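This report covers how the parts of a predicted model pack together.

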Amino acid sequence: MTYDLMTYDLVVIGGGAAGVAGALSAAQRGLRVALIDSGARLGGQYFRHPAVPPHPATSGLDRFVRQTRALSERAELLLGHQVWSVSREPGGDLTVHCVTTPGDGSGERPVEVRGRRLLLATGAHDRPLPFPGWDLPGVLTAGGAQALLKGNGVVAGQRVVVAGTGPFLLPVAAGLAAAGARVLGVHEANGGLGLARHPVLALAKAGEAASYALSLARHRVPYRPRTAVLAAHGGDRLEAVTVARLDRDWNVLSTRRVACDTLATGYGFTPQTDLGVQLGCDTRRDADGSPVLAVDDRQRTGVPGVWAAGEPTGVGGWRLAELEGRLAGLAAADDAGLAAAGESAAREAGAALPEVLVRRRDRMRAFARALLEAYPVKDGWQGWLRDDTLVCRCEEVPLSRLREAQDLGATDARSIKLLARPGMGWCQGRICGYPVACLAGEEPAPPRRPVVQPITLAALAEDLSAEPPTGGPS
Amino acid sequence: MTFQITIDGRPVPVTPGQTIGAALHAAGVRSWRTTRFGGRPRGLFCGIGVCFDCLVTVNGRPPERACLLEARPGDEVTTS
């Protein structure tokens, strides 16, 4: 099925903070906008909320919900649509290829959406590290525990351990404790300074971060810097974890065992850049080595007609994402206006964007960089693995098979993948890509995925045999 | 205001809007499939549609991600 009588002025992929702000600011400037998201509701990760109130206590959520209402009157919202590819048409337009599964049981079906411009606002996902037992049921990513709570009103467990690195551990632990879980500890592998001198508090000077700290104190949740979960234990579900004290490089100093039913773990985030990489957008290294989409002052990628905002341009949280989305929407609207007026030279330079927004974005971007530098992943974690520890969960590849591949001459992550198959399963390396690169002694490469979501052959065949998208809604 | 789904015939309560994965997890069901090679139990992990650990068979259809799939009254989840 192809939407549209005419091509959209702007197609936005991602309905979180960045995508909604971008779509709304462009639509308010008169652009015809379509926004595509895989979820059943707008919100992305941060503004995730249940179908039925009460909504979670999420800072900024009321305003976001108002934005989505305004947007639904001004733009086409395609929810429950998973984008698997974006292609460039001969005339320069972009076609976004999606699949959707209607609730009537008729199965998956392809949808194409065409636009003159594209805004990539695809967010990020957790970056877990492997350790013995990390595939036991009951071990969740920190974002997974948060999604259960925010989107479904489900508390992930009764006795919960939170472990990893980064400021995100604080809201996850605070949310679980406030919802009634007994949070046995927050194990921050970095730090060494304690919560009172936590970089978030030092850099942000209170606000949201202070409220998490207060909440943890109120629920008597211990915050333990320079500690980590080294191993998870249990038969067919999690029963206990081994917690270790670490030195500054994450080598183990001592261990103890903690009985628990749930572990929420995350070591930062992986920005979702695959659609941008597919289109040929330039990437750069973020402060933590992650490949992110390179954008200019106007949120333009290196590919004409393609903007990016939020985490794919560097992890920085919802406030920065929203700001970048707004700027991208305004820049896209300017581009459309100048294109209509036939002013190609002015279009190249772009009209001035609101100075106050630009300055605020640059300030927040610098803050985001400082945070990433405060929470690095240190090599010591590689010593936590045993020979039989799965590195790739999908293809069940243990560390020993990676080492065999290296002994056979696979010196880089790509050769290791071809020989030992980590990253060749369902998730396409989204989970194990980072640790495999680390174990190969490399920084992670930009993800190359010709098809970024699984698609049935029937839907693929239907998409390929479809008429060029000109008619429509058919 | 809840409805029911089943897992291998056993009833599981659902609050409208919950995903299959969330409803099963809330009911204390932590895994609903085993892996191809090691036969290891798997349930929710990333919770946001990225890792594919939580693949589930509902109403006999091909496997879908339980963390994304919204539960509907009477859905039948089968394991093994």
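## Chain A against chain B

In this predicted model, 30 residues of chain A are in contact with 28 residues of chain B. On the chain A side, β8 (124–126), β9 (139–141) and α3 (142–152) each supply at least two residues. Helix α3(A) gives the most, with five residues.

By class, the side of chain A that touches chain B has 14 nonpolar residues, nine polar and seven charged.

## Helices α1 and α2 of chain A

Helix α1 (residues 17–28) of chain A packs on helix α2 (residues 61–74) of chain A. Their axes are 9 Å apart, at an angle of about 45°.

From α1(A) come A:Ala17, A:Val20, A:Ala21, A:Ala23, A:Leu24, A:Ala27 and A:Gln28. They meet A:Phe64, A:Gln67, A:Thr68, A:Ala70, A:Leu71 and A:Arg74 in α2(A). The residues of this contact are nine nonpolar, three polar and one charged.

## Helices α8 and α10 of chain A

The axes of α8 (residues 318–340) and α10 (residues 355–374), both of chain A, come within 10 Å. They cross at roughly 145°, and the crossing is left-handed.

On α8(A), the contact residues are A:Arg319, A:Leu320, A:Leu323, A:Glu324, A:Arg326 and A:Leu327. On α10(A), they are A:Leu357, A:Val358, A:Arg360, A:Arg361, A:Met364, A:Arg365 and A:Ala368. Seven residues of the contact are nonpolar and six are charged, with no polar residues.

How values were computed: Residues are numbered from 1 along each chain as its sequence is written. Chains are lettered from A and ligands numbered from 1 in the order in which they are written. This is a predicted model: local features need pLDDT of at least 70, side-chain atom pairs count only at pLDDT 80 or more; totals for chains, interfaces and linings use all residues. Axes are lines fitted to C-alpha atoms, for helices over the stretch in contact, and angles run from 0 to 180 degrees between N-to-C directions. Helices (H or I, at least four residues) and strands (E, at least two) are DSSP runs, numbered from the N terminus. A crossing is left-handed if the near helix is turned anticlockwise from the far one by less than a right angle, and right-handed if clockwise. Two residues are in contact if their C-beta atoms, placed from the backbone, lie within 7 Å. Ala, Val, Leu, Ile, Met, Phe, Trp, Tyr, Cys and Pro count as nonpolar, Asp, Glu, Lys and Arg as charged, and the others, Gly among them, as polar.
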